[in-house]
Amino acid sequence: KTARAIAAQCPGLVLLSLGQCTLLRDGDIARIACALPKLNSLDLRGCLELTDQAVCEVAVHCPQLHTISLSFDVKVGDTGVQSLAKHCCNLHQVDLQSCPLVSDRALTSLARNAWSLLRLDVSGSKLDDRTLEFLAHHARNLQTLRCNECHNITISGVRALLSILHNLRQLFLCGCRRITTFDLRDLQSSPPVGLRNQVTISAGSSSFVLTTG
């Protein structure tokens, strides 16, 4: 009720943080989104009862959105993310950490449509090498990518990413089971041929800085 009241009284609001509001339901978000057409930053992390319906309402009614966090929203899946990609053309930052229903299909939709995407968190997702390379080819402005606990990606996928995605500056790979410290040291000593800028790879307590030489 408080969130809906704020939305009704502040129609020009551009930033709203509702993270960890576990009592929020889809209908609440629908009313808030309708009342805040100028919203450009929305934090819904940990809103455990929200589904794709809520995200679709945000996408349709808040086309100026550039930042959204849906991390740990376990009922949000591909339909919601694809709606964001379709309706919100100026997305700069998207956080999908630990959203188990979000698949590679949603990530490819984001990459294909969100040209202005700068920061993306897909930690804990089913991301694989093929989708990683697709991101590299299409999300060409991406500067920060978080892939922590992504157990399907390998060092081959990381090499392909780095050789293609020339704007990347930070890559997070903590807990990726198929990528070892030895892999990352070898990558640091022998960077991909296509690398054009300095990239910092963070893997837990270790960091590896790749340069063009």
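**Entry 1: the hairpin**

I began at the hairpin of E8 and E9, which has two residues between its strands, and noted that Gly204 there takes a positive phi near 70°. The model is a predicted one, where local features need pLDDT of at least 70, side-chain atom pairs count only at pLDDT 80 or more, and totals for chains, interfaces and linings use all residues. Residues are numbered from 1 along each chain as its sequence is written, and side-chain values use heavy atoms, with hydrogens and water left out.

I then looked up how E8 (residues 199-203) is joined to E9 (residues 206-210): the two run antiparallel, with five bridges. Thr200 has Val209 of E9 as its bridge partner.

**Entry 2: the sheet**

Two strands are taken as paired if DSSP finds at least two bridges between them. Strands of a sheet pair through backbone hydrogen bonds, either parallel or antiparallel.

At the E1 end I checked the pairing with E2: these strands run parallel and are joined by three bridges. Ser17 has its bridge partner, Asp43, in E2.

I turned to the helices. The axes of H2 (residues 26-35) and H3 (residues 52-61) come within 8 Å and cross at roughly 5°. Axes here are lines fitted to C-alpha atoms, for helices over the stretch in contact, and angles run from 0 to 180 degrees between N-to-C directions. That angle makes H2 roughly parallel to H3; the term covers angles under 35 degrees, while over 145 is roughly antiparallel, 65 to 115 roughly perpendicular and the rest oblique. The contact (heavy atoms within 4.5 Å) is made by Asp26, Ile29, Ala30, Ala33 and Cys34 of H2 and by Gln53, Ala54, Glu57, Val58 and His61 of H3. I sorted the residues of this H2 and H3 contact by class and got six nonpolar, two polar and two charged. Nonpolar means Ala, Val, Leu, Ile, Met, Phe, Trp, Tyr, Cys and Pro, charged means Asp, Glu, Lys and Arg, and the others, Gly among them, are polar.

H3 also packs against H4 (residues 78-87), at an angle of about 5° and with the axes 8 Å apart. H3 and H4 are therefore roughly parallel to each other. On the H3 side, the contact includes Val55 and Cys56, and on the H4 side Val81 and Leu84.

**Entry 3: the largest pocket**

Which residues lie nearest the centre of the largest pocket? I found Arg45, Thr67, Gln93, Val94 and Asp95, among a lining of 18 residues. On a 1 Å grid over the protein atoms alone, a pocket is an open set of points where a 1.4 Å probe fits, with protein on both sides within 12 Å along at least five of seven lines, and lining residues have an atom within 4 Å of a point. The lining holds six nonpolar, six polar and six charged residues. Strands E1 (15-17), E2 (41-43), E3 (67-69), E4 (93-95), E5 (119-121) and E6 (144-146) each supply at least two residues of it.

Notes: Helix = DSSP H or I, 4+ residues; strand = E, 2+ residues; numbered from the N terminus.
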